[in-house]
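The account below goes element by element.

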Amino acid sequence: MFDLIDECGKDLKMFGYSEKKCSRYGISVASLKINSNIKSQQLGLQKGDYYIINSPFLYSLGKNNEEYLSKLIALKLEELLKKQGIKKRDNVLIACLGNFDIEGDRLGKEVFDRVEISTLKQKNNIFKFCPNIFLYTGIETAQLIKLLVKQLSIKCVIIIDSLLSANINRLGISFQLSSGGMTPGSGMNRFGKAIEEKDIGAKCITIGVPFMINSKALNEDEREVILVPKDISQNISCAGKVIADAINKVLL
């Protein structure tokens, strides 16, 4: 199974996939719209809008690169919210997923710690939630989110999670946003319950970055071993800050 849409093994250009280079920092932005059941079945992806922002020099060009990337993510997040019909006053839940004891899977926790919410406002409409994985809780994340959606009258859930890639050169540098929902653990063939609108009762927007690669993708070993970048702690902290800054720009 794959997490990044352009690793699905299909010629996405036939389905409307396009990519363009930005003028700074070697960043590129790709997009794909899946607007029919036929496309969805052929690609093995849920219907929705998908964006991938690749920032190959994120960890070497410093603060200006980070800020530029954060603005691009914010623009795409705004687009997705607008397409989903979400307004500034609507209740939004930011669900930050992952196994926080594993460095490569703690992107959600890094974002959670940095997203700002105004809990003391009389009419606060932004909420954040950081569940742990099913293995530790015995509760599917989708079930927990569904309960909060109902209790808090949530209109949109923004889901943050680490992803898996088949390409070691993409670890930490490919930021994928979509309105197609998410299935926790799908990249490692350990499927949780899908988190999508029809099940939880709210619009879904996902933001993910690959920080892990299965050794089988490198043909190195028959065993399933999950590999992460050497500088994983600094990289995942940086990526978490970039995403949180984008969310803060859009929602605050």
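**Helix packing and selected residues**

Glu110 is located in helix α3, where helices are DSSP runs of H or I with at least four residues, strands are DSSP runs of E with at least two, and both are numbered from the N terminus. The model is a predicted one, in which local features need pLDDT of at least 70, side-chain atom pairs count only at pLDDT 80 or more, and totals for chains, interfaces and linings use all residues. Residues are numbered from 1 along each chain as its sequence is written, and side-chain values use heavy atoms, with hydrogens and water left out.

The relative accessible area of Glu110 is 10%, so Glu110 is buried; the term buried stands for under 20% relative accessible area, exposed for over 50%, and partly exposed for what lies in between, with a 1.4 Å probe and protein chains only. Not counting residues up to four places away in sequence, Glu110 touches Ile236, Ser237 and Gly240, where contact means heavy atoms within 4.5 Å.

Helix α3 (residues 107-114) and helix α7 (residues 232-251) have axes that come within 8 Å and cross at roughly 45 degrees. Axes here are lines fitted to C-alpha atoms, for helices over the stretch in contact, and angles run from 0 to 180 degrees between N-to-C directions. The two helices α3 and α7 are therefore oblique to each other. Under the scheme used, angles under 35 degrees count as roughly parallel, over 145 as roughly antiparallel, 65 to 115 as roughly perpendicular, and the rest as oblique.

From α3, the residues Leu107, Glu110, Val111 and Arg114 take part; they meet Ile236, Ser237, Ala239, Gly240, Lys241, Ile243, Ala244, Ile247 and Asn248 in α7. Sorted by class, this contact of α3 with α7 has seven nonpolar, three polar and three charged residues. The classes are nonpolar for Ala, Val, Leu, Ile, Met, Phe, Trp, Tyr, Cys and Pro, charged for Asp, Glu, Lys and Arg, and polar for the others, Gly among them.

Ala244 counts as buried, at 0% relative accessibility. Apart from neighbours within four places in sequence, Ala244 is in contact with Val111, Arg114 and Val115. Between Ala244 and Gly108 there are 136 residues in sequence, while their C-alpha atoms are 9.8 Å apart in space.

Which other helix packs against α7 at an angle of about 50 degrees? Helix α2 does, with the axes of α2 and α7 8 Å apart. That angle makes α2 oblique to α7, and their crossing is right-handed. In α2, Glu66, Leu69, Ser70, Lys71, Ile73, Ala74, Leu77, Glu78 and Leu81 meet Cys238, Val242, Asp245, Ala246, Ile247, Lys249, Val250 and Leu251 in α7. The residues of this contact divide into eleven nonpolar, one polar and five charged.

Lys76 also lies in helix α2 (residues 63-83). At 17% relative accessibility, Lys76 counts as buried. Beyond four places in sequence, Lys76 touches Val29, Tyr51, Ile53 and Leu177.

Ile53 leads on to strand β3 (residues 48-54), in which it lies. Ile53 is buried, with a relative accessible area of 0%. Its contacts, leaving aside neighbours within four places in sequence, include Val29, Leu69, Leu72, Ile73, Lys76 and Phe175. Ile53 and Asn37 are 16 residues apart in sequence, yet 25 Å separates them C-alpha to C-alpha.

Tyr25 has a positive phi, near 60 degrees, and lies in the loop between β1 (18-21) and β2 (28-34). Ser153 has a positive phi near 55 degrees and sits in the loop between α5 (141-152) and β6 (156-165). Tyr25 is buried at 19% relative accessible area, whereas Ser153 is partly exposed at 49%.

Cys156 counts as buried at 0% relative accessibility, and Cys8 is buried with a relative accessible area of 13%.

Methods. A crossing is left-handed if the near helix is turned anticlockwise from the far one by less than a right angle, and right-handed if clockwise.
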